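Hi,

Here is the structure for your set. My notes follow below it.

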Amino acid sequence: MSYIIPFPKKGDPSSAQDFGQGRQVLAVYPGTTALYRATVASQRKRKSDDYNLLFDDDEEDGNLPERAVPFYRVVALPEGHRQ
C-alpha cells in the first residue's frame, strides 16, 4: 500500500499539487494509461490548466515535444524513483 500514489481528483483542482517549471514528475502519457517520467516545461497560470510536459525519451526529429496533460494525471516523482 505504501507504493500507491493517489491522483488528484478530476473535478477538484485544489487537490492537485502545483509543480513549477523544471520539476520532474510522473504523468500519464497522452493516449495511454501508462505513467512516464516528465519535466514540467512551463508554469500553469490556473490550477485547472493542463501541464505542458517534456516526457523523457519522447524525441521527434531530435527534439522533445511539449505535450499537454491534465492536472489530474500528473503526480510527484517519488524520491529515489528509477524508470
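The protein chain has 83 residues, so a compact globule would have a radius of gyration near 12 Å; the chain has 12 Å, which agrees. That radius is taken over C-alpha atoms, and the globule rule is 2.2 Å times the number of residues to the power 0.38. The C-alpha trace spans about 35 × 30 × 25 Å along its principal axes.

On provenance: this is a predicted model, where local features need pLDDT of at least 70, side-chain atom pairs count only at pLDDT 80 or more, and totals for chains, interfaces and linings use all residues. Residues are numbered from 1 along each chain as its sequence is written, and side-chain values use heavy atoms, with hydrogens and water left out.

The chain holds 0 helices and 5 strands (DSSP runs: H or I of at least four residues, E of at least two, numbered from the N terminus). The order is β-β-β-β-β.

Buried residues account for 28% of the 83 (buried: under 20% relative accessible area, 1.4 Å probe, protein chains only). Of the contacts between residues at least 6 apart in sequence, 47% join residues at least 24 apart (contact: heavy atoms within 4.5 Å).

Asp 49 is buried, because its relative accessible area is 18%. A polar atom of its side chain lies 3.4 Å from the backbone nitrogen of Lys 45. Leaving aside residues up to four places away in sequence, Asp 49 touches Arg 44 and Phe 71.

Best wishes

Technical notes:
Buried < 20%, exposed > 50% of the residue type's maximum accessible area, 1.4 Å probe, protein only. Polar contact = N/O pair within 3.5 Å; in protein donor to acceptor, adjacent residues only side chain to side chain.
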